[in-house]
Each structure stands twice: as C-alpha cells, then as structure tokens.
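Colleague: I'm new to reading protein models and I'd like some practice. Could you take me through one, feature by feature?

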Amino acid sequence: MLSIQNLTAAVDAKTILKGLTLEVPAGEVHAIMGPNGAGKSTLGYALAGRPNYDITGGSVTFNGEDLLDKEVHERAAAGLYLSFQYPLEIPGVPALTFLRTALNSQKKLRGEAEVTAPEFLKKVREVAKSLRIDMDMLKRPLNVGFSGGEKKRMEVLQMAMLEPKFLILDETDSGLDIDALKVVSDGVNALRAPDRGMLVITHYQRLLDHIKPDQVHVLVAGKIVRSGGPELALELEAHGYDQYLGVAA
Ligand SMILES: Nc1ncnc2c1ncn2[C@@H]1O[C@H](COP(=O)(O)OP(=O)(O)OP(=O)(O)O)[C@@H](O)[C@H]1O
Ligand SMILES: [Mg+2]
C-alpha cells in the first residue's frame, strides 16, 4: 500500500533522511521507534508533502501511484493523513467548522457528494462520544487552549471523520493520561481495516500494548536499521538504542 524506497530528504539543506526503505502493506500497522532527532517526524512531513522538506532521492508509491508527484492537498484527498506531534492551533476557526470544511473539500477533490450539516453532526456526535470529547469543546477554535491530551483526542476525532486510507500517527500517545491512552488507542484500533494502513511513531512500548503492531522498525540517523515483530519494542525498552548508534553512522 505504502512503499518507500531509499528515500533521502533534506530540511533547509540539511540531509535528515538518508536512504530510508519501508513497506507497509494494506491492513497492517507498523510502528516506528527511534531516538530523538532520528528523523521520525521528518518522515511524516516528507510523506505529507510539507513545504521546505526537499526530497533529494528515492521514491514513494501509495496504492501504486507516485506519491511525491502529488500536491499536499492531493495527498490528503488520496487518503493520507498525518497526525502531528504538535497539533496546530487555528484561532478563529471552530473545530466543527474546520472538520466539516476539511471533510467536504476532500470529498470534492474525489468527486464525491458533500456531507449535509445534519449528517455531519450525527457522525461527529457519535465519534465525539466514543472519544469522550465534549461537543462544547468542538465549538471552540481548533486546538486553541486545548490541553495536550485534548489536542490528541481531537486528532483521533479528525481521523475518524475523514476516514483516511493511510494514517501516520506521530507520538499521538505523548501527553495522554492513562485513561486517555486507552480511549485514543480504542479510537485508533476502531480504524483498523483490511484496506487501511498505519504507521505509528512512538517512544513508548506501552502504546503498542494497546495498538498491536504487525511490525516494528527502528529508525536511527535517517534510516531503518532494524525491523522485527512486536517483541522488538520490548527489547528496545529494555536496552535502548545504544547498539544501533554505531550501525547507522
Ligand atoms: N529546519 C531545520 N534545519 C536544520 N535541521 C533541522 C530542521 N528541522 C529539523 N531538523 C533536524 O532534523 C532532525 C530530525 O528531526 P525530527 O523532528 O524528524 O526527529 P524525530 O525523530 O521526530 O525526534 P523526536 O523523537 O524528538 O520527535 C533533528 O536533528 C532536527 O534538529
Ligand atoms: Mg518527532
């Protein structure tokens, strides 16, 4: 579904991704772990098409199509969703308005009918309830003044509403209390589907107890240096990244 071959990418002329190869088949959840500054968020941004992230080599195909050829909004309409490590605040735009606009603009690009206000509200109410998000919060400007955990729940609400084909979660677990971790994980698990893939970036094995990955990859210094099953996360938790720091250089 998502196939990354030998990807190299630079930010402000500094090379961060140094030949990264990764394959996530449809229906699978892959986790990426790695030390601070390894390039995990950079990978998410490069895939999402963030400006200033220059792809200097390699290729990425998404459902057989060249992803890197597409504009940011086309990637989103094709079903790629990146959940930011630090969700953006949008003053002046109520969360509900933002969600409905995002959903309908994606539908429009795909040539689908827009959702009506009642349809939209019905679905938002259901999803918000399952994520224990108060509807009043959704009337406030997107993420402005939201607590860290509320922002992360909001991200999962967005995913559930947009129903992307491929999800990249960048530390969606950071800053969540124990109950919220469960709520957010349940929300993510509810999105698991045979035609949907996920890349879960995390520092904590704990998340992977809730969201069971098919594979775990270790990203160090811009490359995947090791891949394995879920047991690899336990090993990293026990031994850290020391053994890989020499490998990647
Ligand atoms: N504009 C920039 N100019 C130079 N270096 C940059 C720029 N933006 C990011 N970097 C560097 O790129 C490297 C990778 O950053 P990235 O955010 O991808 O790391 P990460 O693996 O997500 O780390 P963390 O676990 O802390 O979130 C870091 O060393 C960072 O300082
Ligand atoms: Mg990061």
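This is a predicted model: local features need pLDDT of at least 70, side-chain atom pairs count only at pLDDT 80 or more; totals for chains, interfaces and linings use all residues.

Colleague: Let's begin with the metal. Which residues coordinate the magnesium ion (ligand 2)?

Modeller: To read a metal site, look for the atoms that count as donors, meaning N, O and S atoms within 2.8 Å of the metal here. For the magnesium ion (ligand 2), those are OG of S41 and OE1 of Q85, at 2.0 to 2.2 Å. The two residues link distant parts of the chain, being 44 residues apart. S41 sits in helix α1 (residues 40-48), while Q85 is in the loop between β6 (80-83) and β7 (90-94).

Colleague: Is S41 buried or exposed? And what about Q85, buried or exposed?

Modeller: The rule is that under 20% relative accessible area means buried. S41 counts as buried because its relative accessibility is 17%. Q85 is buried too, because its relative accessible area is 15%.

Colleague: On to charges. Why would two side chains pair up at all?

Modeller: Side chains of opposite charge can pair when their charged atoms come close. A search of the whole structure here turns up 11 salt bridges. One of them joins the side chains of E65 and K70, at 2.5 Å from N to O. E65 counts as partly exposed because its relative accessibility is 45%.

Colleague: Where do E126 and K122 lie?

Modeller: Both are in helix α4 (residues 117-130), and they are four residues apart, about one turn of the helix. K122 is exposed, because its relative accessible area is 55%.

Colleague: How far apart are the closest N and O atoms of E235 and R226?

Modeller: They're 2.9 Å apart, and the two residues form a salt bridge. Check the accessibility as well: E235 counts as partly exposed because its value is 27%. R226 has a relative accessible area of 32%, so it is partly exposed.

Colleague: Which residues are linked in a network of salt bridges?

Modeller: K107, R110 and E112 are. When you read a network, follow the links from one charged side chain to another.

Colleague: What is the phi of A221 near?

Modeller: It's near 50°, again a positive value in a residue other than glycine. You'll find A221 in the loop between β11 (215-220) and β12 (223-228). At 31% relative accessibility, A221 counts as partly exposed.

Colleague: Last topic: distances. How far apart in space are L121 and R100?

Modeller: Compare two numbers, the separation in sequence and the separation in space. L121 and R100 are 21 residues apart in sequence and 9.1 Å apart in space, C-alpha to C-alpha. L121 lies in helix α4 and is partly exposed, at 29% relative accessible area.

Colleague: And how many residues apart in sequence are R75 and L47?

Modeller: They are 28 residues apart in sequence, with 8.6 Å between their C-alpha atoms. R75 has its place in helix α2, and R75 is buried because its relative accessible area is 7%.

Colleague: What separates the C-alpha atoms of D173 and G92?

Modeller: Those atoms are separated by 27 Å, and the residues are 81 apart along the chain. D173 is found in the loop between β9 and α6. D173 is buried, because its relative accessible area is 3%.

Definitions and conventions: Residues are numbered from 1 along each chain as its sequence is written. Chains are lettered from A and ligands numbered from 1 in the order in which they are written. Side-chain values use heavy atoms; hydrogens and water are left out. Donors are N, O and S atoms within 2.8 Å of the metal (3.2 Å for Na, K and Ca); water is not among the atoms, so sites may look incomplete. Buried means under 20% relative accessible area, exposed over 50%, partly exposed in between (1.4 Å probe, protein chains only). A salt bridge is a side-chain nitrogen of Lys or Arg within 4 Å of a carboxyl oxygen of Asp or Glu.
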